[in-house]
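Open the model in your viewer and keep the selection tool at hand. The tour goes stop by stop.

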Amino acid sequence: MSVIKILENEHVTKICAPMVRYSKLPFRQLVREFGTDITFTPMIIAEGFVQSEAARDNEFQTDEEDGPLIVQFAAKDPVIFSEASLLVYGKCAGVDINCGCPQRWAMEEGYGSHLIKKPELVAEMVSSAKRRITDPDFTISTKIRLLDDLRETVDLCRQIEAAGADFITVHGRTPKQRSEPVDLEAIKIIKESLNIPVIANGDIYTIDDAERVGEITKVDGVMSARGMLENPAMFFGYAKTPRECVKRYIEIAQLKEPRFMTFHHHLVFMLEKSLPKPKRKVFNNLRNKEAVLEFLSEHYFAQDELPRSEGPCS
């Protein structure tokens, strides 16, 4: 099923956000098994992706079960973005332009939230990719943050829509905001102003949050990042990561996750609400897979419940 058909479903679509280092293939498989409808790759620098086969092999891994998947690029040049899009066409359901990252390095390089002040450039990147890839089921989208002036944000979104974007994701904060409340009213107004699907992002940690945001804003989908890291089963209604989710991640990771640090960090996030502080401190400082599995076998799982130690994490 295409991304647009999923977004047109009568229920609010549940989406795993692009996350640097974390929204990679093993984690995407896990969250799909626990109620997520669409997943994103981490943000990939389009220029390096186009120029280097090694970068492509390192930054983008997928398989036949990895869908619907959207590849997110950091891009600032229409030709480079369209070339990067062509390189992943046939391996994913769509591509997305990151116009929301507020990190200083990204903005200094002309990526992320820097782009929300350049609507014509964003529109040209969208239209350039649309001209190169005419498949109606392959989506071109953007993820933005709010400008200080909501009218300017609406105008930005309308220009992106007019350029041919299939949907827009809105993080309900400005680039300078971090912990301030998400502006749901702004997202609602943007949704009312457009004819394409809109996805809401920001402070979605539970299924109740997702349903509340959907009800208030009338958006077509909700996207979570930190909430999914802490609880990959959140869209199934769990208040914290259930044991079966932790066990399943270990099974997947032992087949598909080559990096111990990523494997360990995911478990650190998942177990944050399940381990008491003294045990959490010990677990967070473990240095290899064998120590992690031994700890979990002794302090978390029932006897013989933990998957056998094997696979690529090192």
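Which elements cover the buried residues of helix 2? Bear in mind that this is a predicted model. Select strand 1 (13-16), strand 2 (38-40) and strand 4 (69-74).

Now select helix 2 itself, residues 25-33. Of its 9 residues, 8 are buried, so the rest of the structure largely encloses this helix. Color the buried ones: L25, P26, F27, R28, Q29, L30, V31 and R32. Then step to G35, which follows helix 2 and has a positive phi, near 100 degrees.

Next, the nonpolar core. Select F73, L267 and L296, the residues with the most contacts inside the largest nonpolar core, which has 85 residues. Helix 12 (residues 243-256) gives the most to this core, with 6 residues. Another core, of 13 residues, lies apart from it; I4, I15, I70 and A93 are among its members.

Go back to L296. Leaving out residues up to four places away in sequence, L296 touches I250, L267, L271, F283, F301 and L306.

Last stop: show helix 13 with helix 15 (residues 289-299). Their axes come within 10 Å and cross at roughly 25 degrees. That angle is under 35 degrees, so helix 13 runs roughly parallel to helix 15. The crossing is left-handed. Select F260, F263, H264 and L267 on helix 13, then K289, V292, L293 and L296 on helix 15; these residues make the contact. By type, the contact has 6 nonpolar residues, 1 polar and 1 charged.

Technical notes
Residues are numbered from 1 along each chain as its sequence is written. This is a predicted model: local features need pLDDT of at least 70, side-chain atom pairs count only at pLDDT 80 or more; totals for chains, interfaces and linings use all residues. Side-chain values use heavy atoms; hydrogens and water are left out. A nonpolar core is a set of buried Ala, Val, Leu, Ile, Met, Phe, Trp, Tyr and Cys residues joined through side-chain atoms within 4.5 Å. Buried means under 20% relative accessible area, exposed over 50%, partly exposed in between (1.4 Å probe, protein chains only). Helices (H or I, at least four residues) and strands (E, at least two) are DSSP runs, numbered from the N terminus. Contact means heavy atoms within 4.5 Å. Axes are lines fitted to C-alpha atoms, for helices over the stretch in contact, and angles run from 0 to 180 degrees between N-to-C directions. Angles under 35 degrees count as roughly parallel, over 145 as roughly antiparallel, 65 to 115 as roughly perpendicular and the rest as oblique. A crossing is left-handed if the near helix is turned anticlockwise from the far one by less than a right angle, and right-handed if clockwise. Ala, Val, Leu, Ile, Met, Phe, Trp, Tyr, Cys and Pro count as nonpolar, Asp, Glu, Lys and Arg as charged, and the others, Gly among them, as polar.
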